[in-house]
Amino acid sequence: MAARFFTWLKSPAAREYFFSTHFWGPVANWGLPLAALADLRKDEEVISGAMTTALASYSMVFMRFAWRVQPRNYLLFACHATNASAQTLQLGRFANYWYFGGRDKKLEGKPEPAQAVEAAQETVKAAAASK
């Protein structure tokens, strides 16, 4: 199996593949899922629900494209499957934090002054966003 792969690597077909957009497009796209995986460690407070939904939807559409294009682009499919998975996890974290009590549980352990500071920060953010 390895010998066959190395024989293919030396062939014109391999050079044609490695110098095509069929290879470099997905390689360049890997920045999205890598950033999404890194964001899984960030605080839920900074997750944008709208952007996360858009990125998950985008990746699902391009997963279908990568599967339907001929020849199938497995590298692009893997890239967008990874991104769709990471974005879906982020969306779950977002929903849990804002809609299913995650924020309240997080604030329970903080003393009253910290809660007041956070409330003031949210008011400032809301005022800045409305301008």
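**Figure 1. Arg-103 and Glu-122 form a salt bridge in this predicted model.** The closest N and O atoms of Arg-103 and Glu-122 are 1.7 Å apart; a salt bridge here is a side-chain nitrogen of Lys or Arg within 4 Å of a carboxyl oxygen of Asp or Glu. Arg-103 sits in helix 7 and Glu-122 in helix 8 (residues 112-130), so this pair links distant parts of the chain, 19 residues apart. Helices (H or I, at least four residues) and strands (E, at least two) are DSSP runs, numbered from the N terminus. Arg-103 counts as buried at 16% relative accessibility, whereas Glu-122 is partly exposed at 28%. Buried means under 20% relative accessible area, exposed means over 50%, and partly exposed is in between (1.4 Å probe, protein chains only).**Figure 2. A salt bridge joins the side chains of Asp-43 and Lys-106.** The N to O distance in this pair is 2.3 Å.

**Figure 2. Arg-93 and Glu-44 make a salt bridge.** Here the closest N and O atoms are 3.6 Å apart. Arg-93 belongs to helix 6 (residues 74-99) and Glu-44 to the loop between helix 4 and helix 5, and the pair links these distant parts of the chain, 49 residues apart. Glu-44 counts as partly exposed, at 23% relative accessibility. How many salt bridges does the structure hold? There are four.

**Figure 3. Gln-87 is a buried residue of helix 6.** Its relative accessible area is 8%. Which residues does Gln-87 touch, not counting those up to four places away in sequence? They are Ala-36, Thr-52, Leu-55 and Ala-56, where contact means heavy atoms within 4.5 Å. Gln-87 and Gly-25 are 62 residues apart in sequence, and their C-alpha atoms are 20 Å apart in space.

**Figure 4. Stepping back, the protein chain has eight helices and zero strands.** From the N terminus on, its elements run α-α-α-α-α-α-α-α. The C-alpha trace spans about 70 × 35 × 20 Å along its principal axes. The radius of gyration of the chain is 22 Å, while a compact globule of 131 residues would have one near 14 Å; this radius is taken over C-alpha atoms, and the globule rule is 2.2 Å times the number of residues to the power 0.38. Buried residues make up 22% of the 131 residues. Among contacts between residues at least 6 apart in sequence, 68% join residues at least 24 apart.

**Notes for all views.** Residues are numbered from 1 along each chain as its sequence is written, and side-chain values use heavy atoms, with hydrogens and water left out. As this is a predicted model, local features need pLDDT of at least 70 and side-chain atom pairs count only at pLDDT 80 or more, while totals for chains, interfaces and linings use all residues.
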